[in-house]
Amino acid sequence: MSATLAFLQRVEKERYAAFAALAILSIVSALLSPFFLQWQNLLNILRQVSYTGIISLGMTFVIVSGGIDLSVGSMAAFVGSLAVLALNAVSDAGLAQETAVAAAIACAVLAGLACGLANGLLVTKGRIAPFIVTLGTMALFRSLSLYMANAGEFRSVSSLFGELGSAAPLGIPVPALILLGLAAALAFVFARTKYGRYTRAVGSNARVARYSAINVDTTRLAAYTVTGLMVGISAVLIAMRFNSVGSSTLGINYELDAIAAVIIGGTSMAGGRGTIWGTVVGAITLGVINNMLNMVGISPYLQGTVKGLVIIGAVFIQRQRQ
């Protein structure tokens, strides 16, 4: 009985540790700067973390299933480039701006799904380690983006495209609304569906999961495909925000931010355990850290140091609980 209670207490601590850390960090930030709690500043934080936060949602499935994806940043640049090219092609054909925007969104979603599916097939059918596969595709996607743009950028010819990226219904930025909507949907999938249970089982012990009649390859393939979908959505939102895509700048370090958000949110790097809402909190925590450092005048060149220490600390705490 005592062992069961101890286990339940540990689960509860892991579930709410990320929320408690964010609350403490927010209080410290509010004490350090009177501008932190201003509504516009909070909205700016939410907008800034939305792009990597959306990618982090898919990364949660990959890491919980026992994998890793280092290609998401380069994939975002590649997918975003294709989306703007599709937008401009449809606009140059004389079709309505609404049609061009719809074509860009469809292109980004389909390209993201295809890239994620390719990663998943190489991991599951090719039997190549996820680290090696996604390290290779990271270089591949970035190289293709640079080649298509001649190391420059693609600019949208549609004003509507940029207007949608800056829209804020009810005062809340569109990317933030999409992040919360996707988080709610994927949290349901992760916690309430058979696929979510299979993902955790595969990450905990793939051999036992296979003996339990779970299709391990299909489960992992779906995780990488979901991540590709999230990258596609994020990439088109970023392209909308700036009304352009920089082939050499878009997505830089996104894979690190996504992995960091997942880890800070309580997901185990060993797989088998994690939550979607924990990942959302992890992404917001990173945004609060960056915002706080900017407000107190810390050099932006040192912000990576702080972020790295936070990641190491989160992993260290996880190890101590195991």
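Contact here means heavy atoms within 4.5 Å, and helices (H or I, at least four residues) and strands (E, at least two) are DSSP runs numbered from the N terminus. I note that this is a predicted model, in which local features need pLDDT of at least 70 and side-chain atom pairs count only at pLDDT 80 or more, while totals for chains, interfaces and linings use all residues. Residues are numbered from 1 along each chain as its sequence is written, and side-chain values use heavy atoms, with hydrogens and water left out.

By class, the H3 and H5 contact has nine nonpolar, four polar and one charged residues. Ala, Val, Leu, Ile, Met, Phe, Trp, Tyr, Cys and Pro count as nonpolar, Asp, Glu, Lys and Arg as charged, and the others, Gly among them, as polar. The axes of H3 (residues 72-92) and H5 (residues 130-149) come within 7 Å and cross at roughly 35°; axes are lines fitted to C-alpha atoms, for helices over the stretch in contact, and angles run from 0 to 180 degrees between N-to-C directions. The crossing is left-handed, a term used if the near helix is turned anticlockwise from the far one by less than a right angle, with right-handed used if clockwise.

I next examined H4 (residues 97-124) against H10, whose axes come within 7 Å and cross at roughly 150°. H4 is therefore roughly antiparallel to H10; angles under 35 degrees count as roughly parallel, over 145 as roughly antiparallel, 65 to 115 as roughly perpendicular and the rest as oblique. The contact of H4 with H10 has 15 nonpolar, eight polar and two charged residues.

For H2 and H12, I recorded a packing angle of about 140°, with axes 8 Å apart. The two helices are therefore oblique to each other. Their contact residues include Gly-53 of H2 and Gly-287 of H12, and the contact divides into 11 nonpolar, seven polar and no charged residues.

I then turned to the largest pocket, which has a volume of about 690 Å³. Of its 32 lining residues, the closest to its centre are Gln-48, Thr-52, Ile-252, Tyr-254 and Asp-257. A pocket is an open set of points on a 1 Å grid over the protein atoms alone, where a 1.4 Å probe fits, with protein on both sides within 12 Å along at least five of seven lines; lining residues have an atom within 4 Å of a point. Grid points are joined across faces, edges and corners, and the volume is the space filled by probe spheres set on the points. The lining has 14 nonpolar, 13 polar and five charged residues.
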